[in-house]
Amino acid sequence: MSLRLRALTYALTGATLCFGLHAPMAMANTPAQAPNSAVAEEIPHASAKQATARSPFTLDNPPPLLADVLHNSDSIKSVFDTEVPGVQGWVIVSERSPSQPQVIYTFRDGTHGFTGAMFGLTKGGNVDNLTPIHLKNHAPKADMDHFWAQLQDSHWISEGASDDKAVSTIYGFFDANCIYCHMSWIALKPYMDAGLQVRWIPVGILGATSAEKAAAIFESEDPAAAMQAGHERWEQVGLQDAFPTARVSGRVQDKLDANGMLMDRLGVRGTPAFAFKDSSGKVSLIPGMPRIGDIPEITGMSSIPNDNPKLDRFR
């Protein structure tokens, strides 16, 4: 099979949704990776032969298909030619989720397209999800600075260093039934011991007991100690019995609702997600469990060894 056909095959099989002006068709649900997890590997550029197959559409003249699938709050930020001849990528940003740009791919005729993950071969011969790389190269960086005050005013639980001793402060959306929140806690624990303050923002989205477990933490005499105890029990008994439950009072439900609405405004669709200020003071958002090698950048601290084997898949 030629590289061109293989790339097209990967593009179609990796799509979450394939659609057209006349006959929409659902495809396998394979969500694209978050942009921060993209593999920094060079992608083959379109050859001269491929250039002849490029679509005629531009940012000022998008295909009519996009007008039918975009919502009023969506805007097209950029367009680029992909590695597949005749397939263009359109970076779409929603006002409701400015931190979560997406790519819609369209074919040369402008009447069919797909969203989701595009898989293809890199120059090194490896099969890779190209969509995160497309987003990294072509999506605008969202201005998240105005959310920092909202994060400060949210209902959070501080763990790690105290306010007067913290060398760095980050925010993390947390669900007590989230395995990757627990993994994040394991990864961040050495940094919390060394001066990091993590302000955990509890939400109740993953299960029937999520809100009840959040209530037990909120209502405890020492919420930070309750957080740590729950994660330590997780290591011994697993997810089900790690965090205790409590009745969800109206006051706690109001906190969870407010945190959930903030999560929605940020465009965060799952837990964990971390907000932090980078070295230039700009607010950044990392959806999902961070890579171990990214933690120094997120925290602004020097790398601290963590040999816990549970973190091996995130190195």
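Predicted model: local features only at pLDDT ≥ 70, side-chain atom pairs only at ≥ 80, totals over all residues.

Q: How many aromatic pairs does the structure hold?

A: There are eight aromatic pairs. One of them is Tyr-105 with Phe-114, which is stacked, at 5.0 Å centre to centre and with 25° between the planes.

Q: And is Tyr-105 buried or exposed?

A: Tyr-105 is buried, at a relative accessible area of 0%. Phe-114 is buried as well, with 0% relative accessibility.

Q: What kind of pair do Phe-107 and Phe-114 form?

A: A tilted one: the centres of Phe-107 and Phe-114 are 5.8 Å apart, with 45° between the planes. Phe-107 counts as buried because its relative accessibility is 19% and the cut-off for buried is under 20%.

Q: Which rings are linked into a cluster?

A: Phe-174, Trp-200, Trp-234, Phe-243 and Phe-274 are, through ring pairs.

Q: OK, on to charges. What lies over the face of Trp-156?

A: That's Arg-199, at 4.1 Å from the ring centre.

Q: Which residue does Arg-199 meet in a salt bridge?

A: Asp-163, with 3.5 Å from N to O. The two come from distant parts of the chain, 36 residues apart: Arg-199 is in strand β11 (residues 196–202), while Asp-163 is in the loop between β9 (157–160) and β10 (168–174). Arg-199 is buried at 12% relative accessibility, whereas Asp-163 is exposed at 57%.

Q: How many salt bridges does the count come to?

A: Six salt bridges. Among them is Asp-145 with Lys-282, at 2.8 Å from N to O.

Q: Where do Asp-145 and Lys-282 sit in the chain?

A: Both are in loops, 137 residues apart. Asp-145 is in the loop between α4 (131–138) and α5 (148–152), and Lys-282 is in the loop between β12 (273–277) and β13 (283–287). Asp-145 is partly exposed, at 30% relative accessibility, and Lys-282 is partly exposed too, at 34%.

Q: One more: what about Glu-219 and Arg-251?

A: Their side chains form a salt bridge of 2.9 Å, N to O. Glu-219 lies in helix α7 (residues 210–219) and Arg-251 in helix α10 (residues 250–265), so this pair ties together parts 32 residues apart in sequence.

Terms used:
Residues numbered from 1 in each chain as written. Heavy atoms only, no water. Phe/Tyr/Trp six-rings, centres within 6.5 Å; stacked < 30°, edge-to-face > 60°. Buried < 20%, exposed > 50% of the residue type's maximum accessible area, 1.4 Å probe, protein only. Lys NZ or Arg CZ within 6 Å of the ring centre and 35° of its normal. Salt bridge = Lys/Arg side-chain N within 4 Å of Asp/Glu carboxyl O. Helix = DSSP H or I, 4+ residues; strand = E, 2+ residues; numbered from the N terminus.
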